[in-house]
Amino acid sequence: MENLIWLIPILPLLGFFILGLGASKLPKGAAGVIGCASVMIAFALSIGLAGTVFTNGGLEQNLFTWVSSGTWSVDFGFLVDPLSLIMMLVITGVGSLIHIYSTGYMHDDERHNYFFAYLNLFIFFMLLLVMSNNYLLLFAGWEGVGLCSYLLIGFWFKVDEYNEAAKKAFVMNRIGDLGFLLGLFLILVYFGTLNYDGVFDSEKLSQMPVGVLTAITLLFIVGAAGKSAQIPLYTWLPDAMAGPTPVSALIHAATMVTAGIYLTIRSHALFDLAPISMQVLTYVGLATSIFAATIGLKQNDIKKVLAYSTVSQLGLMFFALGLGAYVAAFFHLVTHAFFKALLFLGAGSVIHGLGGEQDIRKMGALRKILPITFIVFLIGTLAIAGIPPFAGFVSKDQILLAAYEKSPILFAMGVFASLLTVFYMFRMFFLVFYGQNRVDHDTLHHAHESPAAMTVPLGILALLSVVGGFLNWPALMGGGDWLQHTLSGVLGVEEGHEHHHAISPSTEWLLMGIVVALVVGVIGLAYSLYVQRNTVPVADEQEEGFGRVLNRKYFVDELYSTLFVKPAQTLSEWFGRIVDPKILDGAINGIGQSILSLGSVLKNIQQGAVGLYLFVFAVGIVILLALQILL
């Protein structure tokens, strides 16, 4: 099995080529089978590696020398340790469920086969990213997921708005990628290698100046902020909702947005020695979490609400990383993959059942019309809210405990962000499934529950959202801290046990009880507003005061447009109107015209007039003689 590591990323790549080359000829059913099977077999192979990896700590496979220059070289190689293997299981496992769901959701789309080709390519690049044993191959996967997000967000390219969203995601990510790339250059200059074993060598790290490590990690944070949608590079993610809903689930749960978190955890040896970078991570994450959560309070598009919840949850993960709680951050990444995929696919089921409607103000009382979707959506909402024993409760609790250990103020701010999430998630849930039915008559007449191809993956994700927390169920509550022990070899044993030694069990129980009580209280507040009082959000144009500010997302898009987009457009138009036709074209045409004129003059000399030739010859001799006499 160990010799087949390379096959895991190759399978979805093979599926991409088959689907891409045969897109116009393959029947939809066959395309769906190829797309799903390639990822599911990769998932099965990843499971097959679990016993060896979790027992022995990791496997490494170098296939060939990829780049060689002077004294350094980079292999095309894979590292499968507990960290990368769990990522592989999430990518291929959740990715398989999204593929299966897509066979139902995208069945009637005219570009059905291309959609599966792009999904497979997305899985391939994400696997490349997490399986690489060096930064260069990681960067190849990093760029690849950026390309796939562009292709899939703009999948319905006949709609201009969707194309704009795809371009926005592409440009914002390029900004982050530049930071990451500069960080790689610094590593190459100071470490002389891009291989993990060379960069993470403890002796070499101990001799490295703190300033260099700080510069590298800050540049990595820029890259991670782009991929994982953190301030100030977060605005592409909510707009990425333009793509088909399974794409949203894939981006938000199993692939792209997890890349920044993974990069930081994989590079923890560098971050551990750069305290300034850790502080930046802490405050960027906390600010993003609160900022996005407040925006979520006033969003009425079911997918936009979920998008801002993703930004907020990613902020919590950054927050945990900055606190040095790598296991807690990674644990939340895994549980978030379960319940966020569930919520997005559940939202897709609502949209599918209502013929494309996405405005939660035009829904209501759907629990009896969409009973399966209602149940799984409730489970997903309870999980992200942090109600025990659902998956989000345990992972979020461990982040908050790490925050309390650093500072009660940080703990309070983390709790505040979490409570905002609870409110807007249950606001959405109650407006969709409870209260008065606000669906228009024709849509309601055709409303229906989704087919089994969509509800079965929803059921599996719902189960994972219930039991996912047991991956790292704390010893305090009778668990074994499995994930913490499993990752201790990758991240260091000391980190994994920090909060258990610093916080007494009674304090931990007290904090847990306070947070759960607050969460229940916020759910009750949302129930009172949106079920008992039947409150329905007003139209966007009727929002006033701070509500309007939140509804318009703090006008950040408008600010970016004024500061960057419009000046860039004005400059490019000026170049197109003045510089290109009048300066560049004028210079190039002028050179050409000068050469033509010179040729026209010179051709008179070459006209075959022997008398003229003799005259010039004689004049030349006279000039030469004169010069000789004078000089």
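A: The bend at a residue is the angle between two axes, one fitted to the seven residues ending there and the other to the seven starting there. Helices (H or I, at least four residues) and strands (E, at least two) are DSSP runs, numbered from the N terminus. This is a predicted model, where local features need pLDDT of at least 70, side-chain atom pairs count only at pLDDT 80 or more, and totals for chains, interfaces and linings use all residues. Residues are numbered from 1 along each chain as its sequence is written, and side-chain values use heavy atoms, with hydrogens and water left out.

Q: OK, where is the kink in helix 2 centred?

A: On A50, with a kink of about 40 degrees.

Q: Which residues in helix 2 are buried?

A: Among them are A31, G35, S38, A42, L45, L49 and V53. Buried means under 20% relative accessible area, exposed over 50%, and partly exposed in between (1.4 Å probe, protein chains only).

Q: And what do those buried residues pack against?

A: Helix 1 (7–21), strand 1 (59–69), strand 2 (72–80), helix 3 (82–105) and helix 4 (112–131). Contact means heavy atoms within 4.5 Å.

Q: What follows helix 2?

A: G57, which has a positive phi near 100 degrees.

Q: Switching topic. At what angle do helix 3 and helix 12 pack?

A: About 170 degrees, with the axes 11 Å apart. Helix 3 is therefore roughly antiparallel to helix 12. Angles under 35 degrees count as roughly parallel, over 145 as roughly antiparallel, 65 to 115 as roughly perpendicular and the rest as oblique. Axes are lines fitted to C-alpha atoms, for helices over the stretch in contact, and angles run from 0 to 180 degrees between N-to-C directions.

Q: Which residues make that contact?

A: Helix 3 supplies L83, S84 and M87, and helix 12 supplies T258, Y262, I265 and R266.

Q: Last one: is V556 buried or exposed?

A: V556 is buried, at a relative accessible area of 11%. V556 belongs to helix 28 (residues 556–605).

Q: What does V556 touch, leaving aside neighbours within four places in sequence?

A: Y234, T235 and F291. T235 is 321 residues from V556 along the chain, yet their C-alpha atoms are separated by 8.1 Å.
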